[in-house]
Amino acid sequence: MLIPLEQRLVDAADDVVSRLPADGTYLNTVGSAVMDVHGDVHTGANVGHFTGGPCAELVALGTAAGAGAGPISLIVAVGDEGRGVMPPCGRCRQVLLDQQPDCRVIVPDVDGPRSVPLRDLLPFPSQHPDAEPPRLLRFSPQHWSSVVDGTKTATTRFADPSSLGPVTLLFEFDDTCRSLPGVVESVEHVRFADISDPQAALEGCTADELRTALRTHYYPGIDDADVVEFVRFRVVGRG
């Protein structure tokens, strides 16, 4: 099920499709919409051509870049003639991995569209060696205040790789995004069962409490042997 923020993006792509010329040609058949970390939406349509014209997702990315958008947090494509939400092709998946690796993608599913991490669509990726894309660190909106006031400076992640350096701290509310400039200062890899009390204390709890919270609210299928990342970060301009 899509949250309102995601449905708003699907509606924007639907609006593009509704305005495509219905002339029976293959030139423009898919609309796409992207949302940046500020909640701004940018759209585009594919340009069909036998030489390999750009997909709608790439046109939307270019439109966003031309508008000075921030890093992209969410993307969707919708087909004409009632085809609905469409998954990105292989080329688009690779482009997104190299340019916006932390974005989520709205894809069709048996119970309706849902959003998934881009990395789930490329389980054995090969990333361009010279790629230096902007990075995102996502948070539940309930953590906004504690990150803003500096009381939360650590987070534990599973199958959501982080890297040292500049990062956008992203909070997705029901109707919009809010973001803060940040820096990832350290990334420790530890078995889930080996999370320590000193590490958990940085998240305001004991190790047992942290493991319970992670299993209950975020990673219900996680095993004791799984490796998680313990990420320490700060908001730029503080400390």
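Which residue just after helix 2 takes a positive phi? I found that Gly68 does, at about 75 degrees.

I noted that this is a predicted model, in which local features need pLDDT of at least 70, side-chain atom pairs count only at pLDDT 80 or more, and totals for chains, interfaces and linings use all residues. Residues are numbered from 1 along each chain as its sequence is written, and side-chain values use heavy atoms, with hydrogens and water left out.

**Helix 2.** I took helices (H or I, at least four residues) and strands (E, at least two) as DSSP runs, numbered from the N terminus. I looked up the buried residues of helix 2 (residues 56-66) and found Ala56, Glu57, Ala60, Leu61 and Ala64; buried means under 20% relative accessible area, exposed over 50%, and partly exposed in between (1.4 Å probe, protein chains only). They lie on the same side of helix 2, because they cover an arc of only 140 degrees around the axis, taken from the directions from the helix axis to the C-beta atoms. On the face turned away, I found the exposed residues Ala65 and Gly66.

**Salt bridges.** I counted as a salt bridge a side-chain nitrogen of Lys or Arg within 4 Å of a carboxyl oxygen of Asp or Glu. The whole structure holds twelve. In one of them, the closest N and O atoms of Asp102 and Arg135 are 2.6 Å apart. Asp102 lies in the loop between helix 3 and strand 5 (104-107) and Arg135 in the loop between strand 6 (114-117) and strand 7 (136-139), so the pair ties together parts that are 33 residues apart in sequence. I found both Asp102 and Arg135 buried.
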